[in-house]
Amino acid sequence: MSSDMKVVSDYTLLDFSQIDGLEVFDYYGYLHDAVVWNCSRSEAGRDYLEDAYMHSRTEPDRAALKNIK
């Protein structure tokens with residue numbers, strides 16, 4: 001058992017044998033959603049999610065850049 005399975009179990013309320021039977025894409029989808037859900041429950045987690053989102057951006061925010069003088 002891994003801690004990731006525990007996170008998915010807490011989020012989905014599935015037991016470990018049910019999680020073991022999930023397709024890999026379903027499992028990682030649940031894991032992603034569970035981590036986001038857990039992080040969104042605290043101020044520090046929300047800050048982390050916002051920072052992670054900003055780091056994943058590949059296009060500049062041109063409107064914000066135009067406002068900088």
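This is a predicted model: local features need pLDDT of at least 70, side-chain atom pairs count only at pLDDT 80 or more; totals for chains, interfaces and linings use all residues.

Residues are numbered from 1 along each chain as its sequence is written, and side-chain values use heavy atoms, without hydrogens or water.

**Exercise 1.** Determine how helix α1 and helix α3 pack, and which kinds of residue make up their contact.

Solution. Begin with the geometry: α1 (residues 3–12) and α3 (residues 24–39), both DSSP runs of H or I with at least four residues, pack at about 75 degrees with their axes 9 Å apart. Because angles of 65 to 115 degrees count as roughly perpendicular, α1 is roughly perpendicular to α3. Next, list the residues in contact (heavy atoms within 4.5 Å): α1 contributes Asp 4, Met 5, Val 7, Val 8, Tyr 11 and Thr 12, and α3 contributes Tyr 27, Tyr 30, Leu 31, Asp 33, Ala 34, Trp 37 and Asn 38. Finally, sort them by class, which gives nine nonpolar, two polar and two charged residues.

**Exercise 2.** Decide whether Ser 9 is buried or exposed, and find which residues Ser 9 touches.

Solution. Ser 9 lies in helix α1, and its relative accessible area of 14% makes Ser 9 buried, a term for values under 20%, whereas exposed means over 50%. Leaving aside residues up to four places away in sequence, Ser 9 touches Leu 14, Phe 16 and Ile 19.

Technical notes. Axes are lines fitted to C-alpha atoms, for helices over the stretch in contact, and angles run from 0 to 180 degrees between N-to-C directions. Helices (H or I, at least four residues) and strands (E, at least two) are DSSP runs, numbered from the N terminus. Angles under 35 degrees count as roughly parallel, over 145 as roughly antiparallel, 65 to 115 as roughly perpendicular and the rest as oblique. Ala, Val, Leu, Ile, Met, Phe, Trp, Tyr, Cys and Pro count as nonpolar, Asp, Glu, Lys and Arg as charged, and the others, Gly among them, as polar. Buried means under 20% relative accessible area, exposed over 50%, partly exposed in between (1.4 Å probe, protein chains only).
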